[in-house]
Amino acid sequence: MRTMFSNHTNHNWLKDLETYQNPSISKSLWQLLNTIVPLLLLWTGAYLSFSISIWLSILLTIPAAGFLVRAFIIFHDCGHHAFFRSRKANDIVGVFIGLITFFPYHYWKYEHSVHHAGNGNLSRRGMGDITTLTVNEYRELSHGKRLLYRLYRNPLIMFGLGPLFLILIQYRFNRKGAGRKERFNTYLTNGVLLGVLAFGCWALGWERFLLVEGLTLYLAGMAGIWLFYVQHQFENSYFEQAENWDYVTAALQGSSFYKLPKVLQWITGNIGFHHIHHLGPRVPNYNLQRVYDQFTYLQEVTTVGLRSSLKCLRFRLWDEEKKKFVGFKGVQ
C-alpha cells in the first residue's frame with residue numbers, strides 16, 4: 001500500500017494540488033469574519049454572564065474555545081503563507097492571531113516548518129512534534145528516564161498539563177538559535193499579552209478575567225494537542241530512518257484523515273484532512289475538502305473517526321520491526 005501511494009503521487013501530486021494552492025481573498029476574509037466575530041461575542045457573553053451565573057459563563061467558554069481553535073487554524077495557514085497570496089498579509093494576520101491564541105507567530109512558524117520537513121523521519125525528531133521513542137530506544141533507557149517518558153505519554157499529563165506548559169512556559173521563551181525577528185516577535189507577544197492580562201484583571205476583575213480567558217485557552221489547548229496527537233499517533237502510521245524516508249509516503253501514511261462530524265470539521269478548519277495538508281501545506285484550509293473529493297488516491301488513506309480515535313491513547317512506542325505503534329505492555 002505504501003508503494004502504491006508513493007509511485008502514484010510522485011508523478012501527479014504537484015500538478016493535482018497546483019490549482020488549489022491559490023488563496024481566495026474573499027474566502028479568507030469571510031473566514032476571518034466568521035471566526036473572530038463569534039469568538040469575540042462568546043468571550044463578551046461569558047464575561048457578562050459571570051455576574052448572572054458562573055456556570056453559564058463556564059458553559060460559554062466551551063464554544064469560545066472551539067472558535068479559538070478555528071482562529072488557530074487561520075494562524076496556522078498564515079504560517080504556511082497559505083491564507084493570503086501576500087507574504088506580508090499572512091505575517092500581519094498571523095502575528096495578530098498569535099496574540100489571541102498566545103503563540104508567538106514567528107517562533108511557532110519556524111518550529112512547525114521543521115515538523116513538516118521531517119514528519120515521520122526518525123532521524124529528525126525533537127522539534128514541533130510529540131516526542132516518540134522506538135521500542136529499542138525505550139529499552140535502552142534507565143529506569144528513571146523510562147518513568148519520565150511514561151509520565152510524558154500519560155494522557156492526564158499530555159492533555160491535562162500540556163496546554164499549561166505550552167501557554168505558560170514553552171512559547172514564552174525564545175528557542176536556542178532564534179533570529180532577531182523571531183526573538184523580537186516573542187518579546188513583543190509576551191509584552192502585549194502581559195499588558196492585556198493586567199488591564200483585563202484591573203478592568204473586569206481578576207476572578208472573572210482569569211476564569212473566562214484561562215478556561216477558554218485551556219480547553220482550546222487540550223483540543224489542539226488532541227488533534228495533533230490523533231493525526232500522527234495512530235496505529236499504522238509512518239516512521240522511517242532518514243535513508244528510507246520519503247516525503248510523499250510520510251504525508252499520506254504518517255498523517256491520518258480524521259473524519260469528524262460536519263460541525264466539528266467546520267470549527268476545526270478542515271484540519272482533519274491532515275494527509276492532504278502535509279502533502280500540500282500551501283493549500284488553504286477551505287480548499288482541503290475539495291481536494292479530497294477530487295482525487296481518489298487521497299481517499300485511500302488511514303481514516304480515524306471520533307470513536308476509533310480513542311484507541312490512539314493506547315499507543316506509546318513505535319515498533320520499527322512491526323511498523324506500528326504499540327503500548328508499554330510486553331516491552332521489557
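Trainee: What makes Asn119, Gly120, Asp129, Gln233 and Phe239 stand out in the lining of the largest cavity?

Mentor: Those five lie nearest the centre of the largest cavity, which is lined by 16 residues. Lining residues have an atom within 4 Å of a cavity point, a cavity being a set of points on a 1 Å grid over the protein atoms alone where a 1.4 Å probe fits but cannot get out. This is a predicted model: local features need pLDDT of at least 70, side-chain atom pairs count only at pLDDT 80 or more, and totals for chains, interfaces and linings use all residues. Residues are numbered from 1 along each chain as its sequence is written, and side-chain values use heavy atoms, with hydrogens and water left out.

Trainee: What volume does the largest cavity have?

Mentor: About 140 Å³, where a volume is the space filled by probe spheres set on the points.

Trainee: Why is H2 called roughly parallel to H4?

Mentor: The axes of H2 (residues 25-49) and H4 (residues 87-101) cross at roughly 20° and come within 13 Å. Angles under 35 degrees count as roughly parallel, so H2 is roughly parallel to H4. Axes here are lines fitted to C-alpha atoms over the stretch in contact, with angles from 0 to 180 degrees between N-to-C directions. Helices are DSSP runs (H or I, at least four residues).

Trainee: Which residues of H2 and H4 meet?

Mentor: Leu32, Ile36, Leu39 and Trp43 in H2 meet Val93, Ile97 and Ile100 in H4, contact meaning heavy atoms within 4.5 Å. By class, this contact has seven nonpolar, no polar and no charged residues; Val, Leu, Ile and Trp are among those that count as nonpolar.

How values were computed:
Helices (H or I, at least four residues) and strands (E, at least two) are DSSP runs, numbered from the N terminus. Angles under 35 degrees count as roughly parallel, over 145 as roughly antiparallel, 65 to 115 as roughly perpendicular and the rest as oblique. On a 1 Å grid over the protein atoms alone, a cavity is a set of points where a 1.4 Å probe fits but cannot get out, and a pocket is an open set with protein on both sides within 12 Å along at least five of seven lines; lining residues have an atom within 4 Å of a point.
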